[in-house]
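Here's a quick briefing to read alongside the model. Have the viewer open and follow the topics in order.

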Amino acid sequence: MGPEIEAQVRAIQAAFADRPAGLVRHVERVVDEAVDLAGYWDVDPERVRLAAWGHDLFRALSLADQLSLAREAGVPVGPEEEAEPVLLHGPTAAVVLRQRFGVMDDEALSAIRDHTLGAPEMPLIAKVILIADKVEERKRRRTPIMREVRRLARRDLDLALLCWADWKWVEERAHGWDSHPRHWASRQAWVREHHNETGLPARVAEGLFETE
Ligand SMILES: [Fe+2]
Ligand SMILES: [Fe+2]
């Protein structure tokens, strides 16, 4: 591991000393999962470790502290975040890791920022972190369909993201929850991208479908 990234990971690990043990174990599982998945897509495992260690740095803060730290860090707080401050933990961590931990890797920071809701355009490392966070071992046990998302992520990372988003869509509607507009915009972009890829030029001439 490069000395700079190694020092940053150590500083983040030190900050986890006073975090709940359950959160630390989740982060360790995400690190293992993300580094393994990164191997399939040729993403630098050191940067993946850094992003995985940083992604939930503020996940365990009280809701009031999530809001005040986000405001202090200058993270935009909309009505959705006011109602559900836990949505802020990724965006806040990305800002604080840059300002206080010296992390300057923009792609790793965007992976941390967007690991909850996704984004229309995501670098490879952000896709790896988001999927790893959703399919780590404990989450697979709780939500067995994540086993399929995990398997798919080793073959087609974009399709795995879309399948996760569709699972989330069903969950949200089944519970009567709204979809966050940023997540929905991301999903729409992923759907468009997917159809651009699959919507190749027609193999059968238009006229062959005409009956008259
Ligand atoms: Fe998180
Ligand atoms: Fe997480």
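A donor, in what follows, is an N, O or S atom within 2.8 Å of the metal (3.2 Å for Na, K and Ca), and with water not among the atoms, sites may look incomplete. By that rule the iron ion (ligand 2) is coordinated by H26 (NE2), H55 (NE2), D56 (OD) and D133 (OD), at 2.1 to 2.2 Å. This is a predicted model, where local features need pLDDT of at least 70 and side-chain atom pairs count only at pLDDT 80 or more, while totals for chains, interfaces and linings use all residues. Residues are numbered from 1 along each chain as its sequence is written, chains are lettered from A and ligands numbered from 1 in the order in which they are written, and side-chain values use heavy atoms, with hydrogens and water left out.

**Overall layout**

- The chain has 12 helices and zero strands, where helices (H or I, at least four residues) and strands (E, at least two) are DSSP runs numbered from the N terminus.
- In a box along the principal axes, the C-alpha atoms take up roughly 75 × 40 × 35 Å.

- What arrangement do the four donor atoms around the iron ion (ligand 2) make? They subtend angles of 86 to 177°, which makes the arrangement irregular.
- For the cut-offs, four donors are tetrahedral if all angles lie between 85 and 135 degrees; four count as square planar and six as octahedral if opposite donors are over 155 degrees apart and all others between 65 and 115; anything else is irregular.
- Along the sequence, the donor residues of the iron ion (ligand 2) are spaced H-x28-H-D-x76-D.
- H26 sits in helix 2 (residues 21-41) and H55 in the loop between helix 3 and helix 4 (63-73), so this pair ties together parts 29 residues apart in sequence.
- The iron ion (ligand 1) has D56 (OD), H89 (NE2) and H115 (NE2) as its protein donors, 2.1 Å away, with the spacing D-x32-H-x25-H.
- D56 coordinates both the iron ion (ligand 1) and the iron ion (ligand 2), which are 3.5 Å apart.
- Distant parts of the chain are linked here too: D56 is in the loop between helix 3 and helix 4, and H115 is in the loop between helix 7 (106-113) and helix 8, 59 residues apart.

**Helix 2 on helix 8**

- Helix 2 and helix 8 pack at about 135°, with axes 8 Å apart; axes are lines fitted to C-alpha atoms, for helices over the stretch in contact, and angles run from 0 to 180 degrees between N-to-C directions.
- That makes helix 2 oblique to helix 8: under 35 degrees is roughly parallel, over 145 roughly antiparallel, 65 to 115 roughly perpendicular, and the rest oblique.
- Contact (heavy atoms within 4.5 Å) joins residues including H26, V30 and W41 of helix 2 to residues including L124, V128 and D133 of helix 8.
- By class, this contact has 11 nonpolar, one polar and two charged residues; Ala, Val, Leu, Ile, Met, Phe, Trp, Tyr, Cys and Pro count as nonpolar, Asp, Glu, Lys and Arg as charged, and the others, Gly among them, as polar.

**Helix 3 on helix 8**

- Helix 3 (residues 45-54) meets helix 8 (residues 124-135) at about 50°, axes 10 Å apart, in a right-handed crossing.
- R47, V48, A51 and A52 of helix 3 touch I125, V128 and I129 of helix 8, giving six nonpolar, no polar and one charged.

**Helix 4 on helix 6**

- Helix 4 and helix 6 (residues 89-101) pack at about 50° with axes 10 Å apart, and helix 4 passes helix 6 in a left-handed crossing.
- Q66, L69, A70, E72 and A73 in helix 4 meet H89, T92, V95, V96, Q99 and R100 in helix 6, which divide into five nonpolar, four polar and two charged.

Terms used:
Left-handed = near helix turned anticlockwise from the far one by under 90°.
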